[in-house]
Amino acid sequence: MGKLYLVPTPIGNLEDITLRAIKVLKEVDVVLAEDTRTSGKLLKHFEIATPLQSHHMHNEHKQVEALVQKLKGGAVYALISDAGTPAISDPGFLLTRACVENGIEVECLPGATAFVPALVNSGLPNDRFVFEGFLPIKKGRQTKLQELAEETRTMVFYESPHKLLKTLAQFVDYFGADRPVSVSRELTKLYEETVRGTLSEVLEHFTQKAPKGEFVVIVGGKK
């Protein structure tokens, strides 16, 4: 039997990669990457010559069976996403599940992920929280928002810049204008920023200042 490593990569600052991650990426047979162009730059920076293979949301269903067979035959793979920890709103779950079902060893290294620093930095309760990732774009979105309106735990969302204003406006409608929120963008990067306040205040901020970068939105639960 081979082995699958799930390896977190930096979400912005290259110094956030671990020594262990570099070691594993150098030693495995193949690195499965969400985007080989993006990951190729990362590997080159750390002088890692391991072959790359594309593994993303559009081909992962087709690849899983073949990858499992190679792992059964003794291959050792590392799976990485463009940034952060694999399978957290990124490819990785399907292959991990298949490995577990087939008795193939899986090891996930600790490391960078966007929502943890955003949650801890928010000032909102983090002893209990619910991670929602990206909300449904259309189908099921209103149902999900109605459900979350009653959630008492702190809620964690990912959002893109061109959808942030719509999402914040919907949060005002479903959660109330005075619900506390913390919005972090470009975490670990040069222009990292966290804006805290009520939903109406933060919506006004980003209405005046066009959203740029990738966002983590932390919303307080219902009291």
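The questions below cover a helix, a sheet, the cores and a single residue.

Mentor: This is a predicted model, in which local features need pLDDT of at least 70, side-chain atom pairs count only at pLDDT 80 or more, and totals for chains, interfaces and linings use all residues. Residues are numbered from 1 along each chain as its sequence is written, and side-chain values use heavy atoms, with hydrogens and water left out.

Trainee: How far apart are the end C-alpha atoms of helix H3?
Mentor: Helices (H or I, at least four residues) and strands (E, at least two) are DSSP runs, numbered from the N terminus. H3 covers residues 60-72, which is 13 residues. The expected span is 1.5 Å times one less than the number of residues. That gives 18 Å, and the ends agree with it, being apart by 18 Å.

Trainee: Where does H3 bend?
Mentor: The bend is the angle between axes fitted to the seven residues ending at a residue and the seven starting there. For H3 that angle is about 25°, and the place is Ala66.

Trainee: Which residues of H3 are buried?
Mentor: Buried means under 20% relative accessible area, with a 1.4 Å probe and protein chains only. The buried residues of H3 pack against strands E1, E2, E3 and E4 and helix H4, where contact means heavy atoms within 4.5 Å. They are Glu60, Gln63, Val64, Leu67, Val68 and Leu71.

Trainee: Which strands stand at the edges of the open five-stranded sheet?
Mentor: Two strands pair if DSSP finds at least two bridges between them. The order is E3-E2-E4-E1-E5, with parallel pairing. Two strands have a single partner each, so one side of each is left without a neighbour in the sheet: E3 and E5.

Trainee: In E5, what is the bridge partner of Leu4?
Mentor: E1 and E5 run parallel, joined by four bridges. The partner of Leu4 is Val106.

Trainee: Which element gives the largest share of the largest nonpolar core?
Mentor: A nonpolar core is a set of buried Ala, Val, Leu, Ile, Met, Phe, Trp, Tyr and Cys residues joined through side-chain atoms within 4.5 Å. The largest has 22 residues, and Leu168, Phe171, Phe175 and Val217 have the most contacts inside it. Helices H6, H7 and H8 and strands E7, E8 and E10 each supply at least two residues. The largest share, five residues, comes from H7.

Trainee: Is Thr198 buried or exposed?
Mentor: Thr198 lies in strand E9. Beyond four places in sequence, Thr198 touches Ala177, Asp178, Arg179, Pro180 and Val181. Its relative accessible area is 18%, so Thr198 is buried.

How values were computed
Buried means under 20% relative accessible area, exposed over 50%, partly exposed in between (1.4 Å probe, protein chains only).
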